[in-house]
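Dear colleague,

I am passing on a structure that I would like you to look over, together with some notes on what turned up in it. Please have the model open beside this message as you read.

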Amino acid sequence: MDRDWMWLPNRLSRDYVEGVKSFIQVAKEHLRWDNKTRCPCRDCQNARFNDLLTIERHLIRFGFSRSYQKWIFHGEEHESQPNEQNDIGVDTEIVDATDANILNEVVDALNDACGHIDNDINLEESTTHGNFDYLLGEANKELYPGCKKFSALTFLVKLMHIKVLNRWSDKSFDMLLQVLVDAFPERSNIPKTYYDAKKMLRDLRLGYDSIHACKYDCALFWKENETLDKCPVCDEPRYKFCNGKGKKIPQKVLRHFPLKSRLQRLFMSRHTTSDMRWHKEKQISEEGVLRHPADSEAWKDMDTQFPWFSQEPRNVRLGLATDGFNPFGSMSNSYSMWPIVLVPYNMAPWRCMKEMFFMLSLLIPGPQAPRRDIDVYLRPLIEELKELWHEGVQTFDVSTGENFRMHACVLWTINDFPAYGNLAGWSTKGYKACPVCNEDTSSLGIRSKICYMGHRRFLPLDHGWRRSRQHDGKPEFRPPPRMFSSDEILQQLCCLKHQKPGKHPNNVDRKRKRVPEELNWTKKSIFFELEYWSKLKLRHNIDVMHVEKNVCDSVVGTLLNIVGKTKDTNKARLDLADMNIRKELHLQIQGNKLVKPHACYTLTVEERKEFCKFLKSVKFPDGYAANLSRNVSINDGKISGLKSHDCHVLLQKLLPIAIRPYFNKDLCTTLVELCSFFQKLCAKTLYVNDLEKLEEGIVLILCKLERIFPPAFFDVMVHLMVHLPREAKLAGPVSYRWMYPFERNLGTLKRYVRNKARPEGLIAEAYIVNEALMFVQCILLELKHVLIEVKEMKIDLKIEYKDMKALRVKQSPEATDELYSLACGPDNRVHTYMGCIVNGVRFHTKDRDDRRITQNSGICVSGEHDGEEIDFYGVLSNVVVLNYVLGDTNIEIDEEVCGGSDEEAYQDNESHELNWFVEQDDGFEFQRSDRLNIDPEVVNDNVLILENMNDNDDNFICDDIEEEDETLDDYANENEMWLSSDSESESD
């Protein structure tokens, strides 16, 4: 059929009008139930449905879409041709092949996401299909007439990404869009304002809901409270006072990012839908080996208790993480914002913990932390989780081309220790601060703080150390703390009295003291509304990252005697006198002076300088660790400003080496065992047998530390180490359950803030833009990694040049271009470089390393020695590029030259595995805990008049101080102030 009339410039001509009427007659045979069909005009681009009269007007006004040559949406069958675009009627003669492939991939992925648009699906019943119909039109729509490199959708997403990366303001972005609209040809498809651009992204369902909240965190104005103007709990107004002028401004706004649609998108691409079944189809399960949460006892126990859930491998298992952070660069401005992030565990280990798969679910506003009222803000997420568990959501799986009902559950939460108390409802302060030991927590009141000793309880009942008095001055005959079952936990929660939420000054429950039956419970967590929550073996994780940091700070601060960080204070020496242990360390009166003997675990001033000098001289490879030398002061002999990962590297890699010259064997061995414990625990692959040894070994380590350090050293963070191996056996490797990836994600969110007056709104807007970019580029565009295939060739290098030349003349198949180039030899002119990158790893020469603070010159070369293949280690002295030229073919070989002779290089023919164990030596005992060759320190006399505080009353009921700082950097110091507070503290 001749359709040249579709491209007539005069759309009022008789031929064009008659052609439009003929199209209307064809379209009349393919109407939907509401008498509408797709409009093929240039404005609608087959993405919108209109009635026939509207379509006729659009075609007269705007004309036909230039890409719509075959009426495939109006009855004509689409015949695939070798050079024809799939589902896009673009003239292939004028379209570059690469750009055409990109357009094809966009359309194919959009079809993957919603199912092909010409199938028998009622589009009115699915908002997903409606949204993607519009996006399909945007993917087909030219950016401007004749543009083949960008579509309207891809250009917008790239532009928005540049805005986020460079922190452009909305006003500057509007100005740029206006310039682009004026500069581009007429009828270009560029949004005129930032608002129009955001509307297009919302069609990807990448938006969020704004829910108003009470200023005192009492309730949300949501569902039944949506129409109220005052808080139903405290009667405070919903909006800020504006004297009736202008727009109403809410007191607080909770940003809710719907979870269902984000989970559905994981099955909308051929790339991610197979990853969501990895734990069932591709995982290699080995008895006693933990590589993934799917190998853990908690995962398998849930499969046993809920077999209907485990039968469908596409059902999603999530981890929930949260932490407070200050969005401003200056920490002097007190502000605490709490994002709730979900991570899917169905994926492979190398994908599930990547930031691109983190799903922001809630953004709880500041400036104050929600503390125990966080349950108020979790309500929308809990309602979604309950619906996903009971009813599920209909989801399209692109790999099968069918819909299935997807369910989801939360396996556990990931957070630091104060946030642990907020989510679990167990106060993390007081005599029963340990949530695992529960009411059996071993604690002791000492001067101005509480210590958590008594780790001999975990030893066998016949162990010799139980009768020793060198730990806390008395023998230990109590059995180990028992594990509480789910029924027992629920029974304890039944004793809780109902408490009104919120921080209103008139709320009497805010300062209510707990009765003994309530233990340390402050509330019944909202997570118990989930049917499966009480049956989980592990509900909340103890964060290894923060435990490791606090232990490192305590150890290093005590060894270096850093003021404010050391646990060897004057009060700690008085604690030793109160317990009548280690008399050589007691404060002593010499004439009119009060002196403190030098402890064996404290370095002298000169030793501290040597210790710091060693740390400052250490070099790490690029990307391995931060520059620790910036945190080390040799003159002062102290370390300050260490981040969590700095402590991770210091404790596991440097401390075991640095302490050897300065301490006796017993102390040095104990600290090395402590460092090895964390090194084993943080391995990517865990073995159940090793974890059982760690569980026994950490008890012995803590018992040894009780003989070395003063009682003040043992805060609750040190005590939590005893429970880490058990949690690893229940939940698998700690790399899936610690805060490192989520802390980095908080740094990403912090970079979104440009205006300090609206941090939450800026983060929410920037997040959905970045999420749209990831969705379009990594899912819709289906970006592929280009892999260079290297073929192994067996080359007989003994062939001489003249033989190869003869073969070349005869055009022998043996004389390949590669062999002939090698036979000719390299060019005499070579290029030398100071570094190179091999398999993504950067290498530098030794000369370059000497001028840098990082070390990248070490290399490993495989070789033979006495008939065995072993690894030789050396130093990279030069990088030479050899050019083998044959016509237009250049073959470049990076030649790495090892410096040093055979005597200087060393061989590694031993196992890399660390044979770690804890020595159970009943004779472990220091001859003396002080150093006689060091002059004692003179202290003030008034330290003796401090009141001896040693409260062992198990019925003591503590009140809680609400945590102002949501991190654990100074958690131990905050806990020290707890007992010394004279004012009535608040119940958290």
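This is a predicted model: local features need pLDDT of at least 70, side-chain atom pairs count only at pLDDT 80 or more; totals for chains, interfaces and linings use all residues.

For the overall picture, the protein has 988 residues, of which 52% count as buried, and its secondary structure comes to 30 helices and 28 strands. Among the contacts with a separation of 6 or more, 67% are made by residues 24 or more positions apart. The accessible surface is about 48200 Å², and carbon and sulfur atoms account for 48% of that area.

Turning to the sheets, eight strands form an open sheet with mixed pairing, and their order is β4-β3-β5-β9-β8-β7-β12-β15. The edges are taken by β4 (220-221) and β15 (540-542), each of which has a single partner strand, so one side of each is left without a neighbour in the sheet. Within this sheet, strand β7, residues 316-322, pairs with strand β12, residues 408-415, in the parallel sense over six bridges, and Arg317 stands opposite Cys409 in β12. Helix α25, residues 740-750, packs on the sheet, where it touches β7, β8 (338-344) and β12, and the direction of the helix makes about 125° with that of β8.

There is also an open sheet of three strands, in the order β16-β17-β28, with antiparallel pairing. Its edge strands are β16 (588-590) and β28 (937-939), each pairing on one side only, and the twist from one strand to the next averages 50°. Three bridges connect β16 with strand β17, residues 593-596, in the antiparallel sense; in this pairing Gln590 stands opposite Lys593, while the bridge partner of Ile589 is Leu594. The hairpin of β16 and β17 has two residues between its strands, and Gly591 takes a positive phi near 70° there. On the other pairing in this sheet, β17 and β28 are joined in the antiparallel sense over three bridges, with Glu937 in β28 as the bridge partner of Lys596.

Among the helices, I would point you to α21, residues 665-681, and α22, residues 688-708, which pack at an angle of about 145° with their axes 10 Å apart, in a left-handed crossing. The residues of α21 that meet α22 are Leu667, Thr670, Leu671, Glu673, Leu674, Phe677, Lys680 and Leu681, and from α22 the contact is made by Leu691, Leu694, Ile698, Ile701, Lys704, Leu705 and Ile708. By class, the contact has eleven nonpolar, one polar and three charged residues.

Finally, some backbone details deserve a careful look, given that most residues other than glycine have a negative phi, and most peptide bonds are trans. Which peptide bond is cis, with an omega of about 5°? The bond in question joins Gly366 and Pro367, and Pro367 is found in the loop between β9 (359-364) and α14 (374-390).

Two asparagines take a positive phi. Asn438 has a phi of about 60° although it is not a glycine, and its place is in the loop between α15 (417-424) and β13 (444-446). Is Asn438 buried or exposed? With a relative accessible area of 1%, Asn438 is buried, because the cut-off for burial is under 20%. Asn561, likewise not a glycine, has a positive phi of about 55°, and sits in the loop between α17 (544-559) and α18 (570-579). The relative accessible area of Asn561 is 27%, so this residue counts as partly exposed, a class that lies between the limits of 20% and 50%.

Terms used:
Residues are numbered from 1 along each chain as its sequence is written. Side-chain values use heavy atoms; hydrogens and water are left out. Helices (H or I, at least four residues) and strands (E, at least two) are DSSP runs, numbered from the N terminus. Buried means under 20% relative accessible area, exposed over 50%, partly exposed in between (1.4 Å probe, protein chains only). Contact means heavy atoms within 4.5 Å. Accessible areas come from the Shrake-Rupley method with a 1.4 Å probe; for residues, only the protein chains shown count as cover. Axes are lines fitted to C-alpha atoms, for helices over the stretch in contact, and angles run from 0 to 180 degrees between N-to-C directions. A crossing is left-handed if the near helix is turned anticlockwise from the far one by less than a right angle, and right-handed if clockwise. Ala, Val, Leu, Ile, Met, Phe, Trp, Tyr, Cys and Pro count as nonpolar, Asp, Glu, Lys and Arg as charged, and the others, Gly among them, as polar. Two strands pair if DSSP finds at least two bridges between them.
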